[in-house]
Amino acid sequence: MTDPLASPDDGDLIDATDPGAVPAEVTDAIRTLIRWAGDDPAREGLIDTPRRVARAWREYCAGYGDDPAHHLKRVFEEVGGYDEIVLLKDIPFQSHCEHHMAPIIGKAHIAYLPQNHVVGISKLARVLHGFARRLQVQERLTAEVADCIWDNLKPQGVAVVIEASHACMTARGVRTPGVAMVTSRMMGVFRDDERSRKEVLALMGC
């Protein structure tokens with residue numbers, strides 16, 4: 001019978017044969033944090049926690065190894081003369097606050113007005129995740145996504161609206177659950193033309 005602990009790809013299970021996958025200083029730091037929080041990192045339920053936490057953070061911060069602009073390199077010019085707003089709504093994402101390393105969980109609406117070409121719609125979500133999977137503040141995340149699309153697609157306009165809940169506010173500090181933070185960045189026609197801005201915000205449901 002196969003030992004489930006021997007499968008490093010199975011979620012939280014730990015590969016007992018691969019002790020070098022996570023640097024010792026990383027697991028030692030997590031053990032120190034557990035001990036400082038008041039628990040015993042040597043007890044049964046916490047023995048493998050440092051490696052699980054380290055691997056989880058490697059996933060949470062995978063965006064540092066991603067170039068979001070790369071996802072916008074391939075464009076399509078055969079769009080049948082389409083020259084109206086392209087919008088991807090309600091894209092779920094998760095990030096982490098750079099101040100407390102607490103989760104930021106929300107959704108994004110990303111729109112652009114094409115100039116001469118469009119990009120595959122999944123690429124807009126990939127740009128978002130490339131920036132979100134880093135330590136972030138929501139304001140910068142919003143600007144980075146918009147700027148990346150603006151600089152690489154050269155559209156007539158870009159609009160990005162992000163709504164998110166911050167655990168650094170809901171689970172600690174002021175401890176106020178149910179609060180959402182909304183940030184937006186408008187560029188090109190969506191910034192300069194009020195009618196275009198109202199149109200895209202209405203399509204987003206904002």
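The model is predicted. I began with the hairpin of S2 and S3, which has five residues between its strands. Methionine 101 takes a positive phi there, near 55°.

Next I looked up the pairing itself. Strand S2 covers residues 86–97 and strand S3 covers residues 103–113. They pair in the antiparallel sense, over nine bridges.

I then checked what else S2 pairs with. Strand S5, residues 135–136, pairs with S2 in the parallel sense over two bridges. Cysteine 97 has its bridge partner in S5, namely glutamine 136.

In what order do the five strands of the open sheet come? I wrote down S5-S2-S3-S6-S7, with mixed pairing. The edge strands are S5 and S7 (181–188), and each of them pairs on one side only. Helix H7, residues 194–204, packs on this sheet. H7 touches S2, S3, S6 and S7, and its direction makes about 40° with that of S6.

I went on to S6 and S7. Strand S6, residues 157–166, runs antiparallel to S7, and eight bridges join the two. Isoleucine 162 is bridged to threonine 183 in S7.

Is threonine 183 buried or exposed? I recorded a relative accessible area of 10%; threonine 183 therefore counts as buried, because the cut-off is under 20%. Its side chain makes a polar contact with the side chain of threonine 142, at 2.6 Å. I also listed its contacts, leaving aside neighbours within four places in sequence. Among them are Gln138, Glu139 and Thr142, as well as Val160, Val161 and Ile162.

My second residue was leucine 141, in helix H4 (residues 138–153). Its relative accessible area is 2%, so leucine 141 is buried too. Which residues is leucine 141 in contact with, leaving aside neighbours within four places in sequence? I found Phe93, Leu128, Phe131, Ala132, Gln136 and Ile162. Two of these names were already in my notes: Gln136 is the bridge partner of cysteine 97, and Ile162 is the bridge partner of threonine 183.

Last, I looked up a distance. Leucine 141 and glycine 130 are 11 residues apart in sequence. From C-alpha to C-alpha, they are 10.0 Å apart in space.

Methods. Residues numbered from 1 in each chain as written. Predicted model: local features only at pLDDT ≥ 70, side-chain atom pairs only at ≥ 80, totals over all residues. Heavy atoms only, no water. Pairing = 2+ DSSP bridges. Helix = DSSP H or I, 4+ residues; strand = E, 2+ residues; numbered from the N terminus. Contact = heavy atoms within 4.5 Å. Axes fitted to C-alpha atoms, helices over the stretch in contact; angles between N-to-C directions. Buried < 20%, exposed > 50% of the residue type's maximum accessible area, 1.4 Å probe, protein only. Polar contact = N/O pair within 3.5 Å; in protein donor to acceptor, adjacent residues only side chain to side chain.
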